[in-house]
Each structure stands twice: as structure tokens, then as C-alpha cells.
Amino acid sequence: MTEPAPGPAPDHDEAAGVGLAAVPGRPDQQPRWRATATLTRALLGGLGLAAAAVVAGRPDLLVLGVPLLAWGGWALSARPTTWPAPAVRSGLAPQVLREGQTGRLVARVLLPPSTDVVWLASDAVESVALDPAPGARALRPPVPPSGLPWWRRTLAGPAAAQVTAEVALDVTPMRWGQRTLGGTWLGVTSAGGGFRWGPVTLPTPELTVLPVPVAAATSGPAPHPVGLVGQHRSRSVGEGSELAGVRPFTPGDRLRRISWRASLRPEAVRRGELLVSATHADQDAGVLVVVDAVGDIGLSEGLQGRASSLDVTVRAAAGIVEHYLSTGDRVGLQILERRRVLALPTHSGALHRRRALLMLAQTAQTAGPLARRLTRSASPRVTLGGRSTSLVVLVSPLMSTHVLTQAVTLARHRATVIVVDTLPTEVVLPSLGRPWSRDLAWRLRVIEHDHTSRALTAAGLGLVAWRGPGSLDAVLRLASRRPPSLIGVR
Amino acid sequence: MSWRGLVVAVLDDLSVTGLTGRVLRLVVVLAAAAAWLAGDLAGASDSPVAFTVLLVAAAWCAVVPDSQAGVLVPLALGWQWVAHLDRTTSGWVLVAALALLVFHAAAALASCAPTAAPLGRDVLQATAGRTGVVALVTAAGWLAVRSSPLAGQPGHLGLTVTALLALTAATAAAAVALRRKSPSTFGR
């Protein structure tokens, strides 16, 4: 009989792409095989009936005891003689998921001979769906490649030789954020159910859930771009690829810019002018997305159910951030919470996109390494972060007057500010004790919200209600036609 | 754990039991009742106390398959046959033994994994196969007893003592096997 190889196992299984963590604990703390109630029942019941048969001279009692004695004897003989403990590995892959995306919680165990059932169970946690529900799976170990006779497979179980079994649960998070899965256990039962190993407590996996990608689908130009790298055409003439027209040559123009076809036209020849091609400058936009996470209105029912205001806000912000980063713009992100501001400097690229989404996933989370590192100040105040910011998108349910004051202040500092209203049309409100008080509170909220919306529009800020893809288009087109100085100044 | 906590935990467990688990629990109770019924059909007189013990133990075993309450089922059944039936080797003995086997196999299957874990077809098939093998052994035992010339004879003191000694030796061997220490995978 081959014993499992001692020593630490690798922490990463490259073949499966699963980060696997070893079960903690010293070897002498590992669980042992323990007799089950099944074995006790078989032995005590069988031996009791046999003893009664002998004492009372009743062969019929012996017949009654035969099945229990046979089962007990077989289960006893199938007792595994090695422990599977050192080979147990578990992990969640991948550890960063989108809302609604499915990952796998995997436990891999090297089983000794005569094992029959291996199972994995996990406690249910809020906003995470487990499959099979409610979070447990049991399976037979795979049959080893060397063919065993049927009677041996039947009596001793498929793991008549040492075999590696993998048992997994599907994990689908239904809401963005930092999630910790519930307690997870692994257990093994020997052939005939006579002995049980475990349950062993596995390390609790952490899961980062990114907001579901909401396509902004906007094709409108970003207003007043500043940099010189991006995809947006500037209103000024400069280095670029899109033709703006022809103009007379001036000192400093590059020779390759000379348009010989236009310069050889009769009028140009008559005037003695050398003409060069003028192009629109290709510029990028610096976009600052400000997320109002001061409060959360309504209860979240996950991806499939009704959303809270913070759900809509975070998902809309994720859509906006992903849209602008995908077009090559530079995007900064600031999350305004009740007592802190998380700030991600303006940048572009795939790595920045991932960082922004991770930061959004940690909105309203008290812990989290990224949130701790990016916490800027105790005073929730938005800063533009240099001249490069040409557009500020404030994503807010319009309930915090402080945040809205910040928006108006930014607009007065010549920034183009667009406010995305993320208050859901329908929310699930918690009970406030009396049936009428909840409706009354909600009506007051709506009145306050409408009042704020009118005030913002009156202040000249672009305002759009977030209704999913395409919500930004109208406001972006409107804002791009206005000079920045007019925004917010009436 | 208090009684209230225990009841809540048991109800929680039952609420997440799948179809297979529910069927197995039903089989546990029905098989125990069938074993008792076979005794009744063999001519046993009424024994309400033993029947109540058997039924409660079977029900408890169905609700908590990993409990030791199931031991009472074969003992109550043995009491029915010892106290309320004369010596017999009729077919009802085999029926009762097979029903007891089904009760035990269903309880073993229900307790081999957490309540919430659905048992796969391969697990069910394997247990059914093993139960079949044990049923064959049981039938062979019944045939052997039935065809034995000693079956109808009264007990002999020497034979009884020998059988008791053999049983004690078997029990001691089982106890030693249970206490045998698992070899360490770390070479200790």
C-alpha cells in the first residue's frame, strides 16, 4: 500500500490554474478515521442478536443478525489505514469575479484505499449563490485506471488503490463587493460507511466581486480634451491625422506637411504661396468619475433582483470608467464616502481599468487593502487633480447636499460637470415599524430628489438619469458644444 | 446544545434535504416498520412498548441518521422475536432480516454525507450493489439455518458456551481492530 508523500505541497497548481491553499495545522492535529454510527449499529445490533440467539437457543435471531454482522464485518475490514490529510488542497478560482460570473471552489484530496464518498460543504453567505444549492456536493472517487474485478469495486469501493479526487462547488456572486465565503468543510467516508475522516475545516476563501459591466455605449465626443494622445479630435488645429484644410506655409512647418497638389494649383502658383495640410490635433480627454457613496437607499436583492441606489451608482460608474478607458482616455476615480474619500489618480490602460474596478468593488467596505491604501482624507472633498481633467462625471443618487455642493463648486472652477442620477425608480425599503411611515419617507425622499434635480439643472450642470446603456450620449453631446466657462455660470 | 437549539438545527437540516435524502429517510422508517410487520405476520403477539421504541428509534434515525438511536431498532426487533414468538425458521424470518438490512443500508447512505449534499447515481448504485451482496449472504444464512438438523432441537449447554466464547472472541477482535492505530503518513 502506497502512503501519501510527506512534506508540503505546492501552493499553486499551474495545471488547473487554481490557487490552492493547504489545510492549516500540524500533522499531529490532523483528524483520524473515526467509527461512525453505522458501524456501531451494525456491530452492536448484530452481536446483540447473535448473543440472544446463542443464549436463547434461537436460530431465527441469528438470521436476523446476519445482515448486520455481515455489513459490520465488511465495513470493519474496509477500514482505511492511511490518512488523506496531507494531500488536501482547496482554493477558489478565479478569486476576482464579475457579478453573475461563476467560479469554482475546489478541494482536491489524495484518498487512501477503501474510501467511498468524498464530500465538500460550504455555509451559505449573503449575495453568493452556490451550486448545487444549498452548498454541498458528495461524489464517489474516480475508478483508478487499473481495472479491478467487479466484486472488489463493489465491496472495497472505487478507491481500492490510492486515487486523487476533486470535488467542487460552483460559486456565483450576485452583488459587487468584497465577499468572504462561509465555513467550508471536507469529509471522506470509507467503504460501507464504517469510518469517517473529518470534517476538515478548509481555509475560508476571499472573493472580490467587480460590478457587472454596463456598456455606456456613448459615441459622443468628450468635451474640451486637453492631452495630445487620445482618440478625440480637438477643436484646435495641431498635430494629428484628420485633415482640417490647407493653409499657407509658415516658418516651423515640417516639409512633409507641404501639400504639393494644392501648391501647384494655378491660384496658388499665381499668388506664389506654398500650402501645407492642416490637421486637427488628436487629443485625449481626462475624465474624473466621482462616485457618491455617502448613503445607500433601498435594499439590494443582487444581480437578478431590485437594486439599491449604491448598486446602480457603482454599476453606472463601472460602465463609465470602462467606456472611457476603452477609448484610450485617461480616467481618475474618486469615491466619496461618509468619512473618507478614496482617490485613484488619473491614468489609462488595462492595469488602471482593473485597479479602478477593484476600487469600485471596495466601495463602502471598511476593510480591503486597496481601499486602505487609497484612502486620502477624512474630509470628503473632490479635487480636480490638475489641468488635464476636462470632464467630471458625478454619479450620485442626488441625496447628499454636500456632494452636490462639490459638483457646483467644480463647475464654477471651469470644469465640465455632468451629473448622472442613479436613484432607482423602484426600491425595496426596510420596514420602519408602521406601514405608512415607509411610504411617507420614500415620498419625502422623492420630493427632495426632484427639488435637487431642478436646482442642478438651473445651475447649468448636465443632468441625466441613469437608465443603462446610452444614458450619457445626450448630455455628452450637449456639454461638448459648450465652452467650459459657461458651465455652471448663469 | 439545548433541546430547542437541537430541534432548530434538525429542522434546518431537514429543510435543505434533497429528494434523494427525503426518500432515504422515508425508507428508513418504512423498512423498520416492515421488519416489525414481518414478525407480526409470523404470528407475534402485540407488544406496544417494543413497537413504540422501534418506531421512535427509527424516526429519530431518519431525522438524524448519524445518531446512535438506530441501535435500538434491531434490539427492539430481537425482543419481539424472543418474547412474542416461538422458535421458527419460516420465510418471515428472512423477510424481517432483509427489511432490517434495508433499514440499515438506507440509514448508512443518509449519513455518509451532509444532509444538503445530493447523492450521485454512482453512490446509490454502489450501495444497492453491496446491499444485494449482503442480502445474498443473509439468504444463504437463512437457508443454512433452515436446512440444519439442529434448527428444531433445544439448546445444548456445551454448544451454547462454545458459541458464547466464539462471540466474545469475535467482539474482542472487533474492538482490537477498532482501537488499532492508523499508521501515520508522516512516518511517526
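1. Strand 4 and strand 14 (residues 195-202) of chain A run antiparallel and are joined by 3 bridges; strands count as paired if DSSP finds at least two bridges between them. Within that pairing, Trp33(A) has Trp197(A) in strand 14 of chain A as its bridge partner. A word on numbering: helices (H or I, at least four residues) and strands (E, at least two) are DSSP runs, numbered from the N terminus.

2. Before going on, the ground rules. This is a predicted model, where local features need pLDDT of at least 70 and side-chain atom pairs count only at pLDDT 80 or more, while totals for chains, interfaces and linings use all residues. Residues are numbered from 1 along each chain as its sequence is written, chains are lettered from A and ligands numbered from 1 in the order in which they are written, and side-chain values use heavy atoms, with hydrogens and water left out.

3. Back to the sheet around strand 4. It is an open sheet of 5 strands in chain A, ordered 4-14-13-8-10, with antiparallel pairing. Strand 4 (33-35) and strand 10 (136-139) of chain A sit at the edges, each pairing on one side only. On average, neighbouring strands of this sheet are turned by 20° against each other, direction ignored.

4. Chain A also has an open sheet of 3 strands, ordered 6-15-12, and here the pairing is mixed. Its edge strands are strand 6 (96-98) and strand 12 (177-180) of chain A, each with pairing on one side only. The twist from one strand to the next averages 30°. Strand 6 of chain A pairs with strand 15 (residues 206-210) of chain A in the parallel sense over 3 bridges, and Arg98(A) stands opposite Leu210(A) in strand 15 of chain A.

5. What packs on this sheet? Helix 7 (residues 350-361) of chain A does, touching strand 6, strand 12 and strand 15 of chain A. Contact here means heavy atoms within 4.5 Å. The direction of helix 7 makes about 110° with that of strand 15 of chain A; axes are lines fitted to C-alpha atoms (for helices over the stretch in contact), and angles run from 0 to 180 degrees between N-to-C directions.

6. Now the helix pair that crosses the chains. The axes of helix 2 of chain A and helix 5 of chain B come within 9 Å and cross at roughly 25°. These two helices are therefore roughly parallel to each other (under 35 degrees is roughly parallel, over 145 roughly antiparallel, 65 to 115 roughly perpendicular and the rest oblique). Their crossing is right-handed, that is, the near helix is turned clockwise from the far one by less than a right angle, with anticlockwise being left-handed.

7. Who makes that contact? Helix 2 of chain A contributes Asp60(A), Val63(A), Leu64(A), Pro67(A), Leu68(A) and Trp71(A), and the residues from helix 5 of chain B include Val93(B), Leu100(B) and His104(B). The contact divides into 12 nonpolar, 1 polar and 1 charged residues. For the classes, Ala, Val, Leu, Ile, Met, Phe, Trp, Tyr, Cys and Pro count as nonpolar, Asp, Glu, Lys and Arg as charged, and the others, Gly among them, as polar.

8. Helix 5 (residues 91-110) of chain B also packs against helix 4 (residues 72-84) of chain B, at an angle of about 170° with the axes 11 Å apart. That makes the two roughly antiparallel, and helix 4 of chain B passes helix 5 of chain B in a right-handed crossing. Val73(B), Pro74(B), Leu77(B) and Trp81(B) in helix 4 meet Trp92(B), Val93(B), Ala96(B), Leu100(B) and Phe103(B) in helix 5 of chain B. By class, this contact has 9 nonpolar, no polar and no charged residues.

9. Helix 2 (residues 19-41) and helix 3 (residues 48-63) of chain B pack at about 160°, axes 8 Å apart, which makes them roughly antiparallel. This crossing is right-handed. Among the contact residues are Arg25(B) and Trp36(B) of helix 2 of chain B and Phe51(B) and Cys61(B) of helix 3 of chain B. The tally is 13 nonpolar, no polar and 1 charged.
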